[in-house]
Amino acid sequence: MNLKINNEYVLALVAVVLGLLAGGILMLVAKNNPIEGFIYLFRGGLMSLERIGNTLATATPLIFTGLSVAFAFRTGLFNIGAAGQMLIGGLCAIAIGLTFAWPKPLLLTVMLVAAMIGGGLWASLSGWLKAKFNVHEVVSTIMMNWIAYWTVYYVVPRYFKGDFMETESRRIPYEASLKVPWLTDLFNGSYINLGIFLAIIFVIIIAFILNRTTLGYELKAVGFNRHAAETAGINVNRSVILAMTIAGALAGLGGATFYVGYASNMQIGVLPSHGFDGIAVALLGANSPGGVLGAAVFFGLLHTGKGFMNAMTNIPPEIADTIIATIIYFSATSILIQRYWEKLKKKLGGAK
Amino acid sequence: MEYVVEMQKIRKEFPGVIACDDITLQLKKGEIHALLGENGAGKSTLMSVLFGLYQPDSGVILLRGKKVHIANPNIANDLGIGMVHQHFKLVHNFTVTENIILGFETTKGLVVDVRSAANRIQQLSEQYKLNVNPHAKISEISVGMQQRVEIIKMLYRNADILIFDEPTAVLTPQEVKELMKIMKDLIAEGKSIILITHKLKEIKAIADRCTVIRRGKLIDTVSVAATSQERLAEMMVGRKVSFKTEKEKRAPGETILSLEKLSVRNHQGVLGLKNFSLEVRRGEIVGIAGVDGNGQEELVETLIGLKKAETGAIFFKDLNITNLSIRDRIKEGMAHIPEDRHKHGLILDYTIEENLILLIYYQEPFSKNGLLDWDRIHQHAEKVVGEFDVRAGQGIAASARSLSGGNQQKAIVGREIDRDPDLLIAVQPTRGLDVGAIEYIHKRLVEQRNKGKAVLLVSLELDEILDISDRIACINNGELIGIVNADETNENEIGLMMAGVKRGVTLEPKD
Amino acid sequence: MLSIILVIFPYAIAYTIPLLITALGGLHSERSGVVNIGLEGLMVIGMFTGALVISQLEMSFPGTAIWIGLLAAFIAGAVFSLLHAFACITLNANQVISGIAINMIAGALTTYLARNITGSGNIQIVHGLGRQNIPVLSDIPILGKLFFTMSYPTTWVVVGILIISWFILYRRPFGLRLRACGEHPHAADSAGINVYLMRYIAVMISGAFAGLGGAIVIVTYSGEFNGTAAGLGFLALAALIFGQWKPLGILGATLFFGFASTVANVSQVIPALAVIPGIILKTFPYIFTLIALVIFSKSTQAPRALGEPYDKGKR
């Protein structure tokens, strides 16, 4: 068991190195010095308290979507609908934040609960379709992503139209924001907000559920082998729906931390990249909550540093996204690349 | 030099095992040559080498006296070698013709020439009395018919060396007889056949010579007519085997399970089990004999609660459990050794200890208030693993996947019996196991019976049923054909009943 | 009503064609057994390549530049899809994850390159493809007006590809073999078919078609590359499922989706269409696909081996 986990982290590290290497090559292609580029990229995410705060703030929604995808993976489900669940969670939070004028602690609590319920219910539909009709969750969550996209596209301008722009909602008031002055001041005015604490709490909760509870045992059993679990008396349909709902609730919370934490309003016509980035986070974190935390902070760093790098060099900021995308590709293939490599070694050895 | 195939000293190693250790096999023209061995003895590997699926590490293959190198199945085809695989290689939504010409298509103008191919198939079908409709879809024809499509596929490609891999496993006794006739016709037309099997009776019935292998090693090639069945068995297993389990006579006790006119729909939505009534009592083993696909699956799934009964009722310890959930039935004292241990029995990615609490994880002392107590779970696993002799390299923390088939099955048996159930439903409990593990499982089943528990044994192996059951219920086409006492019947009678022939008098169980 | 239909018909067709060709590409890949949710990314590759080639050449070769651009997109899509093929077929990687990686790499990489080239990340072409009336056929009453008036030449290219695809899939040995690989690869293998090669070819076809689809978007109604296909690739995927993995089913599904989107887009301009809320028109392709999945859940026509890596050793 230990050996396997170590192996997974080594492979994750290899994927990261290969991803960075690909990024370096691309910098070279664009006639830039990669070493300089990487120095600015990492300095951009770490060089001051404010930037560290921004790194954590950028990582926050990624922790949630990464947890969402990882939790689903562990229970045998592939949630590529985190983006849509995030949108719906964010929409619920924004709707409450813009509608009620309650004191901050109460308002935030209700907003967060609404985001969880919204994201959870949105995803539970995919779980239900899977349990009841055997509709593959990959397909249904893709469809649900775009349904969420168009829902936000039409609902936000209709009910929460911004003062100047047709394409975004009004800004939320101070009471409805996860940003708090002491934290903002502590990090010299960064985007950091209460979401990061929430994220860490949920990392612990999810780890606890997966490893210590009968619920986790049950959901993982269904994930590994739904037939054996059913034969052993576990209610498989309930488990699938429940697992999907929890995954959706996590992504919904991620939406809240993004739209009312990192940002202060909601734009339309954007499917948040956090959904797919969350898959990268989960893969890189070997689907363990702790790994997800680390991977999300790393990606947060890349996203935060890219602007600084772009300002200091000629390297376009999309290099960060390219690196992340390449890391996904290499984590999807790394175990097999390794196997392939061993086969190759054997062949060469045998020839001699 | 009358051999059509000579495999000389074929050696094939896989990481950790020598699947074939210098095996030699010689096939005469026009003979049916049996290849006999236990599961995992290396039969399939040897034939895969001949069919070009594997390359041997050493050894040579001579075909009609000439040395050949069979790099892939295409070359095997070109050399006239055909194979009917145990799992048919047919595309379910293609027609018979499309399946047969696949990879071998001729075109007329720009399009695939289906018509002349269908004509040729029709002609082959008539020549060998196979009765295959070239235009039928695979999903719409019976398993026996699908096997004939595989046979025509070989003939269509002009194969004259035919390999049959466990061809009777999926057939009814009637179909087995027809297949044997077809095989004899093929020989009469000048083909040569290698028959892979572990069934001694079939070898006696049809084969001319037999090559026996055990654990990758060649034991001997013998003339079937000159060798007794007992001797073949001994060669296969490596020691004297009686295939008889020691069992004292016992009087059964009260009825524990009673099925009343149970009808169940199968996956296609038609009745797979019809008006099925049966009683199982304490202290007896009731065997369900039947050919695969005659309602056993529906019976078991309904019994354990995976499927709903259409009509009828199930009583367990006088409780009507027809609508009880799977978990409630388990709680009431039902246990189940499933047919497919990888699919239904174990969670292969869970450790042994996690698998051993699969039915009871939610109960104290293994968990409290939804929290697992790992100390108790370890203790429990150590106890069961010790009692049931489950051998794993890394102990209870090893994943179930890493165990051998025999040890996986022992873990399941341990998990089920350790709960001290009143009824044990064992479905094909020895499938794919070696003789040692088979004997162990049989002993445990009889032990349950001797302790005054009830056992329902569902098996496709008639020998197994006859060996350890007290009473035998025969099922055909979803219907109960009859129930007989095991010590008052024989193979012929059961075989007839499995084919649906009712016995004059149905014996009532003697008290 | 007829006049409205006549007005929106060319737009709907223009919107349908890239969906159709991309979904046809997905059809080849999935019929061979390889899930391709990277269609979106492959379209982006086609958009980028098409826009780049055309913008570079249109000054020197007006007219032919567009066709060179389309061809380049076709080739670029095929080449880029090799990444997916390699991961899924050679390395047995998870096909969904690989597809997601394709989408992400395509979007990020092309924008990165576009920024290096133009500075803004967008690439514009000056002249798109012209619309033409088809002689004689356009004079047929109503039908002529609907189908043969003011149509893009690419429309007829795609319709031609549709017909050829159908013919090859159902009438040529290649199609029989390709479908066998998606239903029962072991059967195909034992019949002497190289499953790996067939799947490579099929995935490359899907890349080529999706690339072409992306470039058609550029040369017909968009005119600009901006780093995204705005979900068109996913819509094509929905059409593939809604059309139950059949060429004619896909044609019907893409037409259906094309019309819905067009109606939603023009409803602000044509008041008569505003009665149906945009949200319904825009979401209904996805909702209908979900409903179709539920209805077909018992009798799905999805290739049986779809998504399963082929492992020769396992039998």
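In which helix of chain B is Ile330(B) found? The views below come from a predicted model.

**View 1. Ile330(B) and its surroundings.** Ile330(B) belongs to helix α10 of chain B, which spans residues 326–332. Because 22 C-beta neighbours lie inside 10 Å, and 20 or more are needed, Ile330(B) counts as buried. Leaving aside residues up to four places away in sequence, Ile330(B) touches Leu359(B) and, in chain A, Gly233(A). Val390(B) is 60 residues from Ile330(B) in sequence, and the C-alpha atoms of the two are 23 Å apart in space.

**View 2. The side of chain C that touches chain A.** Contacts link 34 residues of chain C with 36 residues of chain A. On the chain C side, the elements that give two or more residues are α4 (95–118), α10 (232–242) and α12 (278–295). With 13 residues, α4(C) gives the most. By residue class, this side of chain C holds 22 nonpolar, 10 polar and two charged residues.

**View 3. Packing of α2(C) against α4(C).** Helix α2 of chain C (residues 39–57) packs on α4(C) at an angle of about 20°, with the axes 7 Å apart. Since this angle is under 35 degrees, α2(C) is roughly parallel to α4(C). The crossing of α2(C) past α4(C) is left-handed.

**View 4. Residues between α2(C) and α4(C).** From α2(C), the contact is made by Glu40(C), Gly41(C), Leu42(C), Val44(C), Ile45(C) and Phe48(C). From α4(C) come Ile102(C), Asn103(C), Ile105(C), Ala106(C), Gly107(C), Thr110(C) and Ala114(C). The residues of this contact comprise eight nonpolar, four polar and one charged.

Definitions and conventions
Residues are numbered from 1 along each chain as its sequence is written. Chains are lettered from A and ligands numbered from 1 in the order in which they are written. This is a predicted model: local features need pLDDT of at least 70, side-chain atom pairs count only at pLDDT 80 or more; totals for chains, interfaces and linings use all residues. Two residues are in contact if their C-beta atoms, placed from the backbone, lie within 7 Å. Helices (H or I, at least four residues) and strands (E, at least two) are DSSP runs, numbered from the N terminus. Ala, Val, Leu, Ile, Met, Phe, Trp, Tyr, Cys and Pro count as nonpolar, Asp, Glu, Lys and Arg as charged, and the others, Gly among them, as polar. Axes are lines fitted to C-alpha atoms, for helices over the stretch in contact, and angles run from 0 to 180 degrees between N-to-C directions. Angles under 35 degrees count as roughly parallel, over 145 as roughly antiparallel, 65 to 115 as roughly perpendicular and the rest as oblique. A crossing is left-handed if the near helix is turned anticlockwise from the far one by less than a right angle, and right-handed if clockwise. A residue is buried if 20 or more other C-beta atoms lie within 10 Å of its own, exposed if 12 or fewer, and partly exposed in between; C-beta atoms are placed from the backbone.
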